[in-house]
Amino acid sequence: MNAFLVIGDAVLMAEREAWLKALSNERRLSDKTVEAYERDTRQFLAFLTGHLAGPPKLSDIKALRPGDLRGFLATRRRDGAGARTLGRGLAGLRSFLRHLERKGLVNAAGAGAIRSPKQPKSLPKPLTDRDALAVVASDAQLSEEPWIATRNEAVLTLLYGCGLRISEALGLTADDVAGTPRALRVTGKGGKTRIVPLIAPALDAVHRYLALCPYAAEGNDLIFRGAKGGVLQPAIIQREMQRLRGALGLPDTATPHALRHSFATHLLAGGGDLRTIQELLGHASLSSTQIYTGVDSARLLDIYDRAHPRA
């Protein structure tokens, strides 16, 4: 598809500009998402320009049929767009059409009738046992402030040692870790509560952090704090993991969430059963957990390819 600036109906273009500004200013979408939606709608208007033999008008958008949208998606697919790109593009078009519908300018029902392209399931990318242990090692932490270094170690150890999501780890309170608890009661997605065993290395890491943290916590106070005593934001841990990647020579896929993937994958490789791992991760459906069998199979095949003389 030729990428060129479409000059269309003034009302249509003004509404598109207002929609993009609303995405950024009111809905607080990321700059990259807004840029992608701008590009997707620009490509759609370029498609309509060829489809209609002229720049589209607001009346043309009002007259859109599901077949027009399917034609656009088919054209993008022929140009090499994958399912994820097509799905995002359709989401952007739906958002734009709903914006116009709220103003009484079009009916967006046609876009809702289009089924999003089926997304391919990508396998999680866990760390190796050695890399995961290197990440959570106390001597790997890069902060010059001892209490911050132990804080980062404690959070990362909870992600790998207990399979917590980063939001779950940062949501722990003083009551949750008081004394020597053998398990954590964790509230995850959708408000679901589960019990997760608290292994000794994770509890020790948390206690070392609490002993050094300059900000006291008791009762329902969150234990993990930022440098100035405020709530610790996930982005801080994500940035620390980025620094660790560089220091340890790890791939870009080594993220905080990859430690949770590593927890599940290493349990499965060690003989853990899927039902138990499902409970530990807090997955609502076993199908969400079964994806780790693909990771383990891929790992075994990789070992076979590298080690078997007939591979």
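**Exercises on a predicted model**

His283 is found in the loop that runs between helix H13 (274–281) and helix H14 (286–307), and the model in which we look at this residue is a predicted one.

**Exercise 1.** Decide whether His283 is buried or exposed, and list the residues it is in contact with, leaving aside its neighbours within four places in sequence.

*Solution.* Begin with the accessibility: buried means under 20% relative accessible area, and His283 has 15%, so this residue counts as buried. Next come the contacts, which, with neighbours within four places in sequence left aside, are Arg165, Lys192, Arg260, Gln278, Ser288, Thr289 and Tyr292. Finally, turn to the record: UniProt, in an unreviewed entry, places the feature "active site" at Arg165, Lys189, His257, Arg260, His283 and Tyr292.

**Exercise 2.** Work out where Lys189 lies and whether it is buried or exposed.

*Solution.* Lys189 lies in the loop between strand S1 (183–187) and strand S2 (193–197). Exposed means over 50% relative accessible area, and Lys189 has 63%, so it is exposed. Leaving aside neighbours within four places in sequence, Lys189 is in contact with Arg165 and Glu168.

**Exercise 3.** Explain which parts of the chain are tied together by the pair Glu15 and Lys103.

*Solution.* The side chains of Glu15 and Lys103 meet in a salt bridge, at 3.1 Å from N to O. Because Glu15 lies in helix H1 (residues 10–25) and Lys103 in the loop between helix H5 (83–102) and helix H6 (109–112), the pair ties together parts that are 88 residues apart in sequence. Glu15 is buried, with a relative accessible area of 13%, whereas Lys103, at 46%, counts as partly exposed.

Methods: Residues are numbered from 1 along each chain as its sequence is written. This is a predicted model: local features need pLDDT of at least 70, side-chain atom pairs count only at pLDDT 80 or more; totals for chains, interfaces and linings use all residues. Side-chain values use heavy atoms; hydrogens and water are left out. UniProt positions are given in the numbering used here, feature names are shortened, and annotations may be inferred rather than shown by experiment. Helices (H or I, at least four residues) and strands (E, at least two) are DSSP runs, numbered from the N terminus. Buried means under 20% relative accessible area, exposed over 50%, partly exposed in between (1.4 Å probe, protein chains only). Contact means heavy atoms within 4.5 Å. A salt bridge is a side-chain nitrogen of Lys or Arg within 4 Å of a carboxyl oxygen of Asp or Glu.
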